[in-house]
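Me: I'm about to open a structure that's new to me. Can we walk through it together?

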Amino acid sequence: MRTAFLLAWRYLTCYRIRTGILIGCIAIVAFLPLAVQQLVGHYERELRARADETPLVVGAPGSRLDLLMNSLYFRGIVPSTISGRVTAGIEGEGLGHAIPVHFRHRAQGHPLVGTTFEYFEFRGARLARGRWPGFLGQAVVGHRVAEAEGLTVGSTLLSDVENLYDIGASYPLKLRVVGILEPQGNPDDEAVFVDLKTAWIIEGIGHGHQDVDENTSNALIMERRKGHVATNAAIVEYTEITPENVDRFHFHGDPADFPVLSFVIVPADDKGRTILRSRYRHREGVQVLEPAQALRELMEIVFQVKRFFDANFAVIGVTTSLLLFLVLWLTRQIRAREFETLYRIGCSRGLQWAVQAWEIALVVVTGLGLAILGSNAVVWGLSTGLPG
Amino acid sequence: MRTSVSVHDLAFRYQSGSYELEVPRFEVAERERVALIGPSGVGKTTLLYLIAGILQGHRGTLNVLGESTGSLSESRRRQFRLSHIGMIFQEFELLDHLTVRENILLPYLAGAEQARSEDVMERMRRLSARAGLEQYLGRRPCGLSQGERQRVAICRALITEPSLLLADEPTGNLDPATTRTILDAVFEEAEEHQASLIWITHDHSILGRFDRTVDFLAEFGEAS
């Protein structure tokens, strides 16, 4: 056995280029299915973990998968919203409680999520540094956002302007970072969290501007009537909320009617869950989804696509195996004299087969090893950019 | 005098059936050096392979070093060859992916009875020194000259101190000076270990150095 290994090792290391090509072929052919398998597995685990810990989500009617991706993973944009009225009363009835999740904007490219403190409690999020936001215009950021933007407590970041050429749109709001979350291993790591009201200000529902009264310059006034003054666009709107100007921020309308992307519903118990699910299922203008079930539907689609890839990889694998078999067979023809010499000297025919078996084993194991290492490296690399 | 090789009425036929060799009687005495001559294709190499146990006759008796090799199993014949017979081939048949040292020690790697002991290493060093190969031991044979490669092959054949040396035209591709050097080395080793020697050659200028010359065609006729 030792002799066979030595002879095989010497042969492979002597003809390095030939050996390298064979190993490379095996590594490439094995790498693709392994990487896809690992990536799908990784995505599935991460997505499932998030979905499994979220009992119910209530949002506007439309695509279930869009609502799922938007509310849990902060991916994509759902144009429809609901108001806080849809969840009114559930706490009073003791059925559970609703946590608003309002994701419509971004801050320096990162998802900007308006929510309440309950969200952090529900997700079990903890602060690595700083404190929770208790003030309009304050934000806590996920640890990857902090890393990517070089943010610390006291830093600021800007909400993104949705359309650069829309001069009627609201200005970007400067947000002050008051806390940085501990690494969670979920999409929260990549999000910027603000108070729900701050999110509405960014949306333009609330705003702050310089005081307007009878003494205000006419240059800023569009219309002046008794008890009502309408200003024009020349009025200075605040782009940062500070202790000095916070009192000048206000909302027009009833906050109960303000838009919210969705609510995470946390039922008090199984009974509450059943009642709430049934209630929202029959209610017009909303849809309720159980994330775990919706995710299963999504993964079914993913697996259908993966099955196609698997079949493709299988065909490539068989083709490559046949080519490798041909290479080995031709190699044996070329090396017939070498093996015959070994036999004439006194080696058994079995040793010859053992040498070739070792060669195949070394090449295949090295190729597969490289493929496994490569796929792990790719998954590790990509996972840093994945939602969780 | 005792015989090293004794062949009686030996017949061999290749599986294709197109070639049959018959050797009525052929003997080589202990320590005898026999040159085997004859035109190509008459069966000289086949006879050598029969004696080595690489091929097996379908009739007759063959006694090598006191062992009736025809009655041995394939495995026993192989072991017998590995331990008692040294073979030198015309094309050297070295393994280019092994070093010169490993090529010389190949019979031990292949499982010769003796372990790869300090004695063997000492013998390898002595043989390679006598063949002028010490500086090449760590190199691969592909970079060596024809003469050097053949010397490696001879060292490989001699490393087990065989009692019978079978050489299949080993100097056929070498110049006269190298041929002389190699003959000297082999004869010296054979003498030292009291080994018998059967040497196929087409070079009539070296026949005088052998104890006896057997003209294959005259002795056994052409294989049919």
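Predicted model: local features only at pLDDT ≥ 70, side-chain atom pairs only at ≥ 80, totals over all residues.

Me: Good to know. Is A:Ile26 buried or exposed?
Reply: A:Ile26 counts as buried because it has 23 C-beta neighbours inside 10 Å. The cut-offs: buried is 20 or more other C-beta atoms within 10 Å of a residue's own, exposed is 12 or fewer, and partly exposed is in between, with C-beta atoms placed from the backbone.

Me: And what is A:Ile26 in contact with, leaving aside neighbours within four places in sequence?
Reply: A:Val363, A:Val364, A:Gly367 and A:Leu368. A contact means two C-beta atoms, placed from the backbone, within 7 Å.

Me: Which residues have the most contacts inside the largest nonpolar core?
Reply: B:Leu36, B:Ile51, B:Ile154, B:Cys155, B:Leu165 and B:Leu166, in a core of 86 residues. Helix 2 (residues 16-52) of chain A gives the most to this core, with seven residues. A nonpolar core, by the way, is a set of buried Ala, Val, Leu, Ile, Met, Phe, Trp, Tyr and Cys residues joined through C-beta atoms within 7 Å.

Me: What does B:Ile51 touch?
Reply: Not counting residues up to four places away in sequence, B:Ile51 touches B:Val5, B:Leu62, B:Val64 and B:Leu166. B:Ile51 is also one of the buried residues of helix 1 (residues 44-52) of chain B, along with B:Lys44, B:Leu47, B:Leu48, B:Leu50 and B:Ala52. After that helix comes B:Gly53, which has a positive phi near 85 degrees.

Me: Which strands does helix 1 of chain B lie across?
Reply: Strand 1, strand 2 and strand 4 of chain B, and the helix runs at about 115 degrees to strand 1. Angles go from 0 to 180 degrees between N-to-C directions, with axes as lines fitted to C-alpha atoms, for helices over the stretch in contact.

Me: What order do the strands take in the antiparallel sheet of chain B?
Reply: The order is 2-1-4-5, in an open sheet of four strands. Strands pair if DSSP finds at least two bridges between them. Strand 1 (residues 3-13) and strand 4 (residues 59-64) are joined by five bridges, and B:His8 stands opposite B:Thr61.

Me: Which way do the residues of strand 6 point?
Reply: B:Ile85 and B:Met87 point one way and B:Gly86 and B:Ile88 the other, and all are buried. Strand 6 is joined to strand 7 (residues 164-168) by four bridges, with B:Gly86 opposite B:Leu165.

Me: Changing topic: how many residues does each chain bring to the contact?
Reply: Chain B brings 14 residues and chain A brings 16. The chain B side divides into nine nonpolar, two polar and three charged. For those classes, Ala, Val, Leu, Ile, Met, Phe, Trp, Tyr, Cys and Pro are nonpolar, Asp, Glu, Lys and Arg are charged, and the others, Gly among them, are polar.

Me: Last one: at what angle do helix 3 and helix 8 of chain A pack?
Reply: About 120 degrees, with their axes 10 Å apart. A:Arg64, A:Leu65, A:Leu68 and A:Leu72 in helix 3 meet A:Pro291, A:Ala294, A:Leu295 and A:Leu298 in helix 8.

Terms used. Residues numbered from 1 in each chain as written. Chains lettered and ligands numbered in written order. Helix = DSSP H or I, 4+ residues; strand = E, 2+ residues; numbered from the N terminus.
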